[in-house]
Amino acid sequence: MYYFGEGLEAPDKAKALAMYEASAKLGHAKSAYYAFLGHVQGWSANSADEKAGEYLWLAAKANVEHARTLIADGYRTGHFGLPISIGAASQWAWDGDTPDGLRKAICTAFDPINIPRNCLDDYIYPSAVKGENISAYRVAQLYQYGRLGPVDWKKAIAWYDKTTNHGSALLKKADILADIDANQATSALLKAIELGESKAVDILGRQYLSKQMYNAAFNLYLDAFERDICSAECHYQRYLYLDGYEPEQASMHFEKAIKEGSVDAYFEKIMMSNVSRDEKLSDVTSMAKSGNVSAMLWLQDYYLKQHDEHNAHLWESEAAAYGDILSQLSMVKRYKNEPTHESQFWQSLINGQTNYKKVMPDLLFQKTSSNRNDFIEAYVQSALKKRYIHKQVGQSHVVQDQDDLLYLKNHRAFQENYRAFADRQNSYAQFTVSEQQTPPFMRIDRSEKGSWKQAPVLFKDGGIRVRKELIPPFLDTRMLFVNNQSFFKTHCGYLIERSVGESYLLQHQDPMCNYPIEYEKLFKEKSIRHLVHNKYASAALMKDGSVITWGETRAGGSMINNTLTMGEQNGYANLGEELKVYQALQSNIVQLAPLMNDFAALTTEGNIITWGLSAFHHDHEYQGKFSKIAGSLISNTVCGLDIYQQISCWDLEGDKTPKTMGYHVAQFEMLENTFSTLVTLDSMGFLEVYEAAYDEFDPKFSVPVTNVPAFTRWKTIRKVLDGENLRVLLEDVDGKMFILEKSRQSHSGYVLKEITPEHDTLLPLGGE
């Protein structure tokens, strides 16, 4: 009545919205849907998207027409006050009568290489057969990267050819053809450029520059600029051409390059800025992390002047990995007296660098600024004497710091060489087509023996060797060369921590391992404090106290499990309950623990938050004053150590009343591969083991450790990675280390196995 104005002088939508809200709160689902519409369509001055989601959720739970479609799309896009969550969107979309178009849109939001099988079979492949461009592109990628059986270049190219007027498909086709037929690869790039693909300009331009085809590069960038497809890199190259004789045009291209994200242009701007080196440090560090070699060298010099040998070597190593010949030779010198993998690796990287060897061989082992300057000048005069005006840098620009002028020259001199094949460096095609043992393969285990579960091997120089099955198609493999310091195990592989302050995932390529694409940016920008996993999902605690998850939704891979997951009769009462865990995990988390089908998190207040398949039964939370938590991977048991030095344990599917054990407990861990066996140290350092039977949660007291002398005192207890498995490690007061394991002689007892320093399969967990 109020909405249509029946019997009134005029409609009163604000009053109608208030009535619908009141009715919705009393449980009328259709009223909830109209209240949602009222907030979205602005019926009242108080209408807001943030309020709309609350009423849409009530309508969706009751399966009001279109409501589940709308809430799935809301989670996909972040509309209606909902957080973006592809996992939550999938649950609502597949549990409701949603249109195929929305389900396909959700499917295309997943990592294209690990797309869920139901998405591929039901939506992507059928659309590709019908000629839909994006779907055909996705199918081609799956053939190119071996996700539909063995790598098949012919099928990949055939599917890329099915995409009409699709520049990205031509780029991928060129990527494959580069190792098969260079002329066809160039033709594909030129066709992509005709279609307006700016990245094709970048790739072809780098190839021209690396071959010293400067006129061809000049004409390519000019044509791209005139056709308005000039990228940040294109603008930077135009700036280099014009700098010194067309200053206004050069300045315009310089500013556009910076605005559009050119790290190279921004580096030059910072070098020419009239601020102190300390003030430049943060910006230069960011550029070095983006792969700018000159920024890495600047940082090496900066830290040497600060007498910080550790960080100086860190950035020298990074520059070596990214192609700086002087840094590579320094790495050879560092390991030359050791006939090890490290010395062989760095020597192999420089064996083919004949252009550098003929310039100034006596200077190559020197690292001072003056000698590097001499080397740059000599290299510019010999190998790059036909290069355009950039060798005049310093005459057309005012640079306050002469050391920064050196790095600006270094950047100009080697810029095209460092970046000429940046995209090809990342190409999975190169790993598969080429069989020669070039340097990247020395840190990629290409043998047919073993499985992807084999732990990575860390070398002295920070290099890491991993199984090729774990390497994502788009990973910059130069990160495998240096500065890898530790790793976490995930449910599908490993997350590698680098000493330059970034992380990256190496995972078995499988739909169960799918993670949101935006996580790659998070791993580069945010440091990981801790990571845990169960069989089907992983959860990472970031150093800012937030949590991210990926993997199987109902095993904790999503922090949002919708009401339908729990069953219509036992589900949540409102949207706030559905988002409770998600909101709680955005900050103030200090520890994570894995369970069989769930995860647990400890908050700064000392409460325990749980999520996953079984966590719903206890409302996701156990309040208390806990300082540490642990969980069992073969049961849904979570335990917490409270401020009274006592342990409380819950079975997530059982009674919410906890079982308690232990007195004066100072440290504890859950023993791996047990139903709920706890290993504890009391405040005096004495060891106790509590064990629970599989069929009942009733811990026994003091299970014997048969080979421990009475009154032995221990210093610490922690988890380590032993090969592929997590183990409990005990360290005694003398610094000796032991692994606790089940006794083979005693049915109910345990034994300690001493670990020697040479035990090379034992690795600390990253972030610990």
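Reader: Does aspartate 161 count as buried, partly exposed or exposed, and at what relative accessibility?
Author: This is a predicted model. Buried means under 20% relative accessible area and exposed means over 50%. Aspartate 161 has 45% relative accessibility, so it counts as partly exposed.

Reader: Which side chain meets aspartate 161 in a salt bridge?
Author: The bridge spans 2.8 Å, N to O. It links distant parts of the chain, with aspartate 161 in helix α9 (residues 153–162) and its partner in helix α10 (residues 167–177), twelve residues apart. The partner is lysine 173.

Reader: Is lysine 173 buried or exposed?
Author: The cut-off for buried is under 20% relative accessible area. Lysine 173 is at 18%, so it counts as buried.

Reader: How many salt bridges does a search of the whole structure find?
Author: Side chains of opposite charge can pair when their charged atoms come close. The pair of aspartate 161 and lysine 173 is a salt bridge. A search of the whole structure gives a total of 15.

Reader: Which parts of the chain does the salt bridge of glutamate 132 and lysine 104 tie together?
Author: The closest N and O atoms of glutamate 132 and lysine 104 are 3.2 Å apart. Glutamate 132 is partly exposed, with a relative accessible area of 28%. The two residues are 28 apart in sequence, so their bridge ties together the loop between α7 (117–129) and α8 (133–144) and helix α6 (residues 100–107).

Reader: Where is lysine 524, the salt-bridge partner of glutamate 502?
Author: The closest N and O atoms of glutamate 502 and lysine 524 are 2.8 Å apart. Glutamate 502 belongs to strand β6 (residues 502–507). Lysine 524 is 22 residues away, in helix α27 (residues 519–525).

Reader: Which residues are linked with Glu502 and Lys524 in a network of salt bridges?
Author: Glu502 and Lys524 form a salt bridge with each other. The network also takes in Glu318 and Arg498.

Reader: How far apart in space are arginine 206 and glutamate 233?
Author: Arginine 206 is in helix α12 (residues 198–210). It is buried, with a relative accessible area of 12%. In sequence, arginine 206 and glutamate 233 are 27 residues apart. From C-alpha to C-alpha, the distance is 9.7 Å.

Reader: Why is strand β19 largely enclosed by the rest of the structure?
Author: Strand β19 covers residues 678–682. The strand is largely enclosed because the buried residues number four of the five.

Reader: Which residue in β19 stands opposite glutamine 667?
Author: Strand β18 (residues 665–670) pairs with β19 in the antiparallel sense, over five bridges. Opposite glutamine 667 stands leucine 681.

Reader: What percentage of the 768 residues in the protein chain is buried?
Author: The chain has 29 helices and 25 strands. It exposes about 34,000 Å², of which carbon and sulfur atoms supply 49%. Buried residues make up 55%.

Note on methods: Residues are numbered from 1 along each chain as its sequence is written. This is a predicted model: local features need pLDDT of at least 70, side-chain atom pairs count only at pLDDT 80 or more; totals for chains, interfaces and linings use all residues. Side-chain values use heavy atoms; hydrogens and water are left out. A salt bridge is a side-chain nitrogen of Lys or Arg within 4 Å of a carboxyl oxygen of Asp or Glu. Buried means under 20% relative accessible area, exposed over 50%, partly exposed in between (1.4 Å probe, protein chains only). Two strands pair if DSSP finds at least two bridges between them. Accessible areas come from the Shrake-Rupley method with a 1.4 Å probe; for residues, only the protein chains shown count as cover.
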